[in-house]
Amino acid sequence: MIYLKTAEEIEKMRAACDLVSRTLGEVAKWARPGVTTLRLDSIAREYILDNGGTPACLGYHGFPGTLCIEVNETVVHGFPSDRVLEEGDIVGTDCVVELNGFHGDSCYTFPIGEIAPEVMSLLKTTKESLYKGIEAAKAGKRVGDIGNAVQTYCERRNYSVVREMCGHGIGQSMHEDPEVPNYGRRGIGPVLRDGMCIAIEPMINLGSKNIVIERDGWQCRTKDRKPSAHFEHTLLINGDDPEVLTTFRYIEEVLGNRSI
């Protein structure tokens with residue numbers, strides 16, 4: 001069932017989305033060589049709790065972290081660990097915050113120091129494809145229009161789109177209907193209606209689209225071990241002008257000219 005949010009609920013969504021955005025802004029201050037992914041996770045957890053929120057991923061079906069950590073070939077759902085980030089790595093930080101009963105969801109893939117030009121191009125294309133998906137998220141259009149916009153943008157640049165993982169509706173639950181794939185045909189899927197809140201999250205690979213899920217049932221990586229990038233926003237369907245509820249502004253203030 002797809003839940004349309006009331007005006008009061010939308011305000012709560014805005015607050016949750018602002019908190020998750022500010023949390024990733026704090027993480028940005030520490031995403032550099034020599035820092036462990038567990039340290040990034042601790043920073044996020046402490047910031048969320050200090051600001052009255054709840055780290056929604058922590059303990060979700062047994063997940064062990066506040067952040068889903070995605071280093072290099074990890075696509076989604078990586079565990080925080082003692083792994084030390086090194087020059088040339090990339091790390092996605094997927095975060096969900098619950099605040100006053102509503103959720104905000106966002107992800108940003110950080111370059112760690114200087115990264116290879118072809119990997120930077122992957123990051124830039126993936127982030128750009130997120131906004132292509134957002135542009136397609138107009139009331140009266142369909143979910144397939146979003147996926148098609150992301151897919152065509154990336155595949156025309158010779159990147160591949162992960163099929164098994166997708167975006168989703170969001171609100172009082174972290175994952176609500178509808179599913180929002182990053183591929184598809186225009187004009188198919190559920191109709192986008194005013195008041196829907198969805199998370200769009202392209203997961204785009206430098207190599208093959210094929211993935212492997214590790215034995216723990218969570219951690220997902222590219223089969224060919226080439227890098228994967230992931231960017232995500234939560235948005236509100238609002239006529240022809242979708243409102244992006246999360247923001248990368250706090251991250252960009254920290255990174256400056258190092259922003260993607």
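# Questions on a predicted model

Colleague: With which residue does Glu214 form a salt bridge?

Modeller: The closest N and O atoms of this pair are 3.1 Å apart, and a salt bridge requires such a nitrogen and oxygen to lie within 4 Å.

Colleague: In what order do the three strands of the open sheet lie?

Modeller: The edges of this sheet are strand 3 (74–76) and strand 11 (211–213), each of which pairs on one side only. Strand 11 pairs with strand 12 (residues 220–222) in the antiparallel sense over three bridges, and within that pairing Ile213 stands opposite Cys220. Neighbouring strands of the sheet are turned by 35 degrees against each other on average, if direction is ignored. The antiparallel order of the open sheet is therefore, with pairing defined by at least two bridges, 3-12-11.

Colleague: How many salt bridges does a search of the whole structure find?

Modeller: One of them joins Arg22 and Asp18, at 2.8 Å from N to O, and both of these residues lie in helix 1, four residues apart, or about one turn of the helix. Arg22 is partly exposed, with a relative accessible area of 25%, and Asp18 is likewise partly exposed, at 26%. Over the whole structure, the number of salt bridges found is 11.

Colleague: How many residues apart in sequence are the parts that Arg14 and Glu243 tie together?

Modeller: Arg14 and Glu243 form a salt bridge whose closest N and O atoms are 2.8 Å apart, and Glu11 is linked with these two residues in a network of salt bridges. Arg14 is partly exposed at 29% relative accessible area, and Glu243 is also partly exposed, at 24%. Because Arg14 lies in helix 1 and Glu243 in strand 15 (residues 243–244), the pair ties together parts whose separation in sequence is 229 residues.

Colleague: Which side chain of opposite charge is nearest to Asp94?

Modeller: Asp94 is found in strand 4 (residues 90–99), and among its contacts beyond four places in sequence are Glu70, Asp105, Glu201, His230 and Glu232. Asp94 is buried yet has no salt bridge.

Colleague: How many residues of strand 5 (residues 102–111) are buried?

Modeller: Strand 5 pairs with strand 4 in the antiparallel sense over 10 bridges, and the two form a hairpin with two residues between them, where Asn100 in the turn has a positive phi of about 55 degrees. Both faces of strand 5 are covered, with Phe102 and Phe110 among the buried residues on one side and His103 and Asp105 among those on the other. The count of buried residues in strand 5 is 10 of 10.

Colleague: In the largest nonpolar core, which residues touch the most other members?

Modeller: This core holds 53 residues, and its largest share, six residues, comes from helix 1 (residues 7–28). Apart from it lies another core, of eight residues, including Met13 and Leu236. One of the two residues asked for is the bridge partner of Val91 in strand 5, and the other is in contact with Leu130, Val180 and Phe231, among others. The residues that touch the most other members are Phe110 and Ile200.

Colleague: How far apart in space are Phe231 and Gly92, C-alpha to C-alpha?

Modeller: Phe231 lies in the loop between strand 13 (228–230) and strand 14 (233–236), and at 0% relative accessibility it counts as buried. The residues that Phe231 touches include Tyr108, Leu123, Ile200 and Phe248. Although Phe231 and Gly92 are 139 residues apart in sequence, their C-alpha distance in space is 7.8 Å.

How values were computed. Residues are numbered from 1 along each chain as its sequence is written. This is a predicted model: local features need pLDDT of at least 70, side-chain atom pairs count only at pLDDT 80 or more; totals for chains, interfaces and linings use all residues. Side-chain values use heavy atoms; hydrogens and water are left out. Buried means under 20% relative accessible area, exposed over 50%, partly exposed in between (1.4 Å probe, protein chains only). Lys and Arg count as positive and Asp and Glu as negative; His and the chain ends are not counted. Contact means heavy atoms within 4.5 Å. Axes are lines fitted to C-alpha atoms, for helices over the stretch in contact, and angles run from 0 to 180 degrees between N-to-C directions. A nonpolar core is a set of buried Ala, Val, Leu, Ile, Met, Phe, Trp, Tyr and Cys residues joined through side-chain atoms within 4.5 Å.
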